[in-house]
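Here is a short briefing on the structure shown below.

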Amino acid sequence: SAPMSCLCVVDDNLWCSRGNQIHIVRPKELTLGKSFSVHDDTSKHVVAMVNAGFAVYIALTNSSEVRLFHSKTHQQLAKVDVRQDVKNMLSGCNEIVRQHKLAKLRVTCLRLSAQLLWIGSSAGVVL
């Protein structure tokens, strides 16, 4: 069993990630709500979550993708791969360095500020 890795407050509930699952806790009632999977691959664990109001952005282990889930229906709304954007940002780097950074590229953190989503990457690029 996987440990809890991320917590995020969403609509007065607490979204708790455990492996590739999100478990919704209702703290006022002290009950467990719905649980759902964010990826078919059980080796893909949640590494970051951020609440954007109507939806929640989620990043998974060893992935350059950010997924967007509806905060009420828990359905996946979008999936965005940041690989091309990071590649563009690294265009001035040495070719060997760029290839190495892209080969190991993953999203490492997410932050929402002033209605903008900031994405940190293992390549040292912030989008």
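Which side chains meet in a salt bridge with an N to O distance of 1.9 Å? They are those of Arg-98 and Glu-95. Keep in mind that this is a predicted model. The structure holds four salt bridges, and three of them are described here.

- Arg-98 and Glu-95 both belong to helix 2. They sit three residues apart, about one turn of the helix.
- Arg-98 is buried, because its relative accessible area is 13% and the cut-off for buried is under 20%.
- Glu-95 has a relative accessible area of 40%, so this residue is partly exposed.

- Lys-72 forms a salt bridge with Asp-11. The closest N and O atoms are 3.2 Å apart.
- This pair links distant parts of the chain, 61 residues apart. Lys-72 is in the loop between strand 7 (65–70) and strand 8 (76–81). Asp-11 is in the loop between strand 1 (4–10) and strand 2 (13–18).
- Lys-72 counts as exposed, because its relative accessibility is 57% and exposed means over 50%.
- Asp-11 counts as partly exposed, at 35% relative accessibility.
- A salt bridge also joins the side chains of Lys-28 and Asp-12, at 3.9 Å from N to O.
- Lys-28 lies in the loop between strand 3 (21–26) and strand 4 (31–37), and Asp-12 lies in the loop between strand 1 and strand 2. The pair therefore ties together parts that are 16 residues apart in sequence.
- Lys-28 and Asp-12 are both exposed.

**Strand 6 and its partners**
- Is strand 6 (residues 55–60) largely enclosed or open? Five of its six residues are buried, so strand 6 is largely enclosed by the rest of the structure.
- Strand 5 (residues 46–51) runs antiparallel to strand 6, and five bridges join the two.
- Asn-51 has Val-56 in strand 6 as its bridge partner.
- Strand 5 and strand 6 make a hairpin with three residues between them. Gly-53 is in the turn and has a positive phi of about 90 degrees.
- Strand 6 also pairs with strand 7, in the antiparallel sense, over five bridges.
- Val-56 has Phe-69 in strand 7 as its bridge partner.
- The hairpin of strand 6 and strand 7 has four residues between the strands. In this hairpin, Asn-62 takes a positive phi near 50 degrees.

**Nonpolar surface patch**
- Which residues make the nonpolar surface patch of about 300 Å²? They are Leu-116, Trp-118 and Val-126.
- Leu-116 is found in strand 10, which covers residues 116–121.
- Leu-116 counts as partly exposed, because its relative accessibility is 48% and the cut-off for exposed is over 50%.

**Gln-99 in helix 2**
- Gln-99 is found in helix 2, which covers residues 95–103.
- Gln-99 counts as partly exposed, at 48% relative accessibility.
- How far apart are the C-alpha atoms of Gln-99 and Lys-87? They are separated by 9.0 Å, and the two residues are 12 residues apart along the chain.

Methods. Residues are numbered from 1 along each chain as its sequence is written. This is a predicted model: local features need pLDDT of at least 70, side-chain atom pairs count only at pLDDT 80 or more; totals for chains, interfaces and linings use all residues. Side-chain values use heavy atoms; hydrogens and water are left out. Patches are made of residues with over 30% relative accessible area and no salt bridge: like charges are joined within 9 Å, nonpolar side chains (Val, Leu, Ile, Met, Phe, Trp, Tyr) within 5 Å. Accessible areas come from the Shrake-Rupley method with a 1.4 Å probe; for residues, only the protein chains shown count as cover. Buried means under 20% relative accessible area, exposed over 50%, partly exposed in between (1.4 Å probe, protein chains only). Two strands pair if DSSP finds at least two bridges between them.
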